[in-house]
There are 2 protein chains.
Amino acid sequence: MKLTEDKHILIVGMGLLGGSYAQSLTAQGFSVRCITRRQSSVDYAVGKGWIESGATAADPELIAWADVAILALYPHIFLEWIAENGKHFRKGTVLTDVTGVKSSVVYRVQELLPDGVEFIAAHPMAGKEVYGVENSDPGIFRGANYIVTPTEKNTAEAIELCRNLGERLGFAHISELTPEKHDRMIAYVSQLTHCIAVSLMTCNRDPHLQDYTGDSFRDLTRIARINEEMWSELFALNKEALISQIDAFAGELHRIRTYLSDGNEEKLKEMMRLSTARRALFDKKTESNTESTGTPS
Amino acid sequence: MKLTEDKHILIVGMGLLGGSYAQSLTAQGFSVRCITRRQSSVDYAVGKGWIESGATAADPELIAWADVAILALYPHIFLEWIAENGKHFRKGTVLTDVTGVKSSVVYRVQELLPDGVEFIAAHPMAGKEVYGVENSDPGIFRGANYIVTPTEKNTAEAIELCRNLGERLGFAHISELTPEKHDRMIAYVSQLTHCIAVSLMTCNRDPHLQDYTGDSFRDLTRIARINEEMWSELFALNKEALISQIDAFAGELHRIRTYLSDGNEEKLKEMMRLSTARRALFDKKTESNTESTGTPS
């Protein structure tokens, strides 16, 4: 099923991501409406021309109006909302989401929905340090990854529609993973990195740090400004996978510590060469030419 | 003592940093010459008009020509070079350097130099992922930190000259630390971050990672492309300080792991709030507004 402009798109949750979806899809000629908590978010998005209209209550008519619904809510609110309002969707409607963890969410949502209403989960790996519809910007999707996580309950049509949505939003790389593989991967590339950034900020109390830091420290701690409500929830929902990634990382760091204290320079260089080789794969996919490793910075 | 354009500047080691110093100082009207290992580096820098002339041997006349000498060598080569050639410097000459570790280098160099030849150490916290004079670029100093590390042997005049050099090169923030405080700080903001980046790259073998990573992972591993010769030497020369920073960081990461496995969301959020507050101090000093923490990326 192609995502054609005649489809009615309902966005539930008009925040940074919901607003960015709305902007992009309205600009492409879709009819976009929303349901969100705050009237001010509706007014802002309507005022900007990003949506036709919106409601702050879960209006059954508006829900039934949707051909495609994008749920852009925190995981627990997402589940509560579906439990309460899933029954209002028309047969044939396809739902997708933006949730950062999958196994703990996808199966429950698919169970909660009535027959004929299909949920195909996706994770747009894009964001900003700021929140709210006022800061939404479809530019954050450019060059980013978009991961579709189908289950055996999903149809080829819905999967195609969901991939098509990612393409239309401008994501650079669209891939498919099982919810479980997604969660293991995200524990590593996203959740572990946030744990590291937080630990790096809390392990030292020097108040003058910012006078002495180079690019490397700023890079590693950029994500240390963290939305504790969202991330503590995402961590809790992916606990086992995250803990095993923390352990794997801590083991490697301990290996460096051992090589250091043993004065085993050869083993240390070996690790650095492996790291360099692996990281080189990424640079094929990044523009940046000012990466700072040449000298201590 | 002001760094006036009539001063003769000798750069020993025409690599990425040496070349960047040469470009900037020649453009400001200084007479700049160099001593470096490879004739090709001399030819390249002369051809570009970055230096007047250069030699591949430690020519006593050229060394005596210098009013100010900038040693841009790996620590062990730096020490060997001074031991062999320090005697050729004229009384009144001021030496400085670019070395990333200080206590293990500064005192030895000051001992090796003849009376009347003063070494004032400095650490320009700027770099690139690439090496060699061909990649040198004074632009790397813009917005970067420059740290002067005087000892009780240094004169106010030499310290002023050294700070003045940092200003002329365009560093954004110039500060002074004792060699010991510098090494503790650098173990944290620079060496620990490189250990983390390396561990992050080596703790997972998924060959398709680059298809799934967001900004945060790319940010944290940018410095995982690492010059193993230079960094293993810098680590070894700052072993104790680095190990204690690794331990402090590993302790915080373990705290997160404990809160996770105990389901202690409140403590987890507390750490995240502290991290966010500390990191906010840095953003006053950075331009980037596309920092990615809003959603898992």
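Trainee: How many residue pairs are in polar contact across the interface of chain B and chain A?

Mentor: Keep in mind that this is a predicted model. The rule takes pairs with both residues at pLDDT 80 or more. Between chain B and chain A, the number of residue pairs in polar contact comes to 34.

Trainee: Which element gives the most residues to the side of chain B that touches chain A?

Mentor: Several elements of chain B give two or more residues to that side, among them strand E7 (121-125), helix H8 (215-221) and helix H10 (239-262). The top contributor gives 16 residues, and that's H7(B).

Trainee: And how many salt bridges are there between chain B and chain A?

Mentor: Here's one pair to click on: A:Arg257 forms a salt bridge with B:Asp247, with the closest N and O atoms 2.7 Å apart. For chain B and chain A, the salt-bridge count is 8.

Trainee: What area is buried between chain B and chain A?

Mentor: Contacts first: 102 residues of chain B touch 102 residues of chain A. Carbon and sulfur atoms give 63% of the buried area. As for the area itself, the value is about 10400 Å².

Trainee: Is B:His182 buried or exposed?

Mentor: You'll find B:His182 in helix H7 (residues 179-202) of chain B. Beyond four places in sequence, B:His182 touches residues including B:Gly100, B:Lys102, B:Ile147 and B:Leu177. Its relative accessibility is 0%, so B:His182 counts as buried.

Trainee: Which side chain does the side chain of B:His182 join in a polar contact of 2.7 Å?

Mentor: One of the residues B:His182 touches is B:Thr149. The 2.7 Å polar contact, though, joins the side chain of B:His182 to that of B:His123.

Trainee: How many residues does the largest nonpolar core have?

Mentor: A:Leu10, A:Phe249, B:Leu10 and B:Phe249 have the most contacts inside that core. Leaving aside neighbours within four places in sequence, A:Leu10 is in contact with residues including A:Ile35, A:Trp65 and A:Phe89. In residues, the largest nonpolar core has 130.

Notes. Residues numbered from 1 in each chain as written. Chains lettered and ligands numbered in written order. Predicted model: local features only at pLDDT ≥ 70, side-chain atom pairs only at ≥ 80, totals over all residues. Heavy atoms only, no water. Core = buried A, V, L, I, M, F, W, Y, C linked by side-chain atoms within 4.5 Å. Buried < 20%, exposed > 50% of the residue type's maximum accessible area, 1.4 Å probe, protein only. Contact = heavy atoms within 4.5 Å. Helix = DSSP H or I, 4+ residues; strand = E, 2+ residues; numbered from the N terminus. Polar contact = N/O pair within 3.5 Å; in protein donor to acceptor, adjacent residues only side chain to side chain. Buried area = accessible area lost by both parts, 1.4 Å probe. Salt bridge = Lys/Arg side-chain N within 4 Å of Asp/Glu carboxyl O.
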